[in-house]
Amino acid sequence: ECYTTFAALFHPVIQKWHGSTEATQHTIDLEPNHLVDAVVNPGAVEVVRVRLGRNFEGLPFAPGMELSHRQECERLITRALMAIGVQGRYYPLRGSTTYLPKPRGMTEIDEQMLLSLPGSLMFIDPDSPVALSSGLANDWPDGRGIFLLTDQKTAVWVNEEEHIKVVAVCPQGNAKEALGRAAGVLEALEQQLAQDRRPMAISPALGCL
């Protein structure tokens, strides 16, 4: 509700940054074929990475979360991924104690494997003064992890900055292919969470919050 409570402060900044107005209606378009010149010369780049972030409606965003909120996000996301039949494995961050099947989090070997994948599907603890002062590192590493799909090119990050972040990489530099994979996982996940009565935080004017 910060976006409405503090609209007089937030909206002018958002409008100036995005070039929008009060009348602007945000459009969410994740159709890969709408991308223009999306195939990058493989010789020019090593990997393309697409990241799609979402936050739950009714739960505090990352800076304001308590450990119980992070645990709830972790529970909701891992359960939904299993419900939609996504093939993969959930790796809680090393040292995390909040995921009962892995009460100590991933192993060091798991961590190195994730770091070594093309495009790096691992996220690490924030170290910038802005991130630290905002509260993003509170309760670290509890309630955070990576669900890695079996293709090892797609992952769902839990409680990194957003509640949910779907990440897809394409070593061949094909942004359409990466977006298609990320959007497919996100759409299925959103649908399952909506069935569980846990919709995403979306504003008609501002888009995904």
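**Entry 1: Pro-171**

I began with the contacts of Pro-171: setting aside neighbours within four places in sequence, it touches Glu-46, Val-47, Pro-118 and Lys-153. Contact here means heavy atoms within 4.5 Å. This is a predicted model, where local features need pLDDT of at least 70 and side-chain atom pairs count only at pLDDT 80 or more, while totals for chains, interfaces and linings use all residues. Residues are numbered from 1 along each chain as its sequence is written, and side-chain values use heavy atoms, with hydrogens and water left out.

I placed Pro-171 in the loop between strand 5 and helix 6. Helices (H or I, at least four residues) and strands (E, at least two) are DSSP runs, numbered from the N terminus. Buried or exposed? Pro-171 counts as partly exposed, at 29% relative accessibility. The cut-offs are under 20% relative accessible area for buried, over 50% for exposed, and partly exposed in between (1.4 Å probe, protein chains only).

I traced 5 strands in an open, antiparallel sheet, in the order 1-5-4-3-2. Strand 1 (48–54) and strand 2 (88–92) are at the edges; each has a single partner strand, so one side of each lacks a neighbour in the sheet. The twist averages 20° from one strand to the next. Strands count as paired if DSSP finds at least two bridges between them. Strand 3 (residues 145–149) and strand 4 (residues 154–158) pair over 4 bridges, in the antiparallel sense. Within this pair, I found Phe-147 opposite Val-156 of strand 4.

**Entry 2: helices**

I then looked at helix 3 (residues 67–83), which packs on the sheet and touches strand 2, strand 3, strand 4 and strand 5 (164–170). Its direction makes about 155° with that of strand 4. Axes are lines fitted to C-alpha atoms, for helices over the stretch in contact, and angles run from 0 to 180 degrees between N-to-C directions.

How do helix 3 and helix 6 (residues 175–195) cross, and at what angle? Their axes come within 9 Å and cross at roughly 110°. That makes helix 3 roughly perpendicular to helix 6, a label for 65 to 115 degrees. Helix 3 contributes Leu-76, Ile-77, Ala-80, Leu-81 and Ala-83, and helix 6 contributes Leu-189, Gln-192 and Leu-193.

**Entry 3: confidence**

I noted a chain average pLDDT of 91, with 97% of the residues at 70 or above. pLDDT is the predictor's confidence in each residue, from 0 to 100.

Conventions:
Angles under 35 degrees count as roughly parallel, over 145 as roughly antiparallel, 65 to 115 as roughly perpendicular and the rest as oblique.
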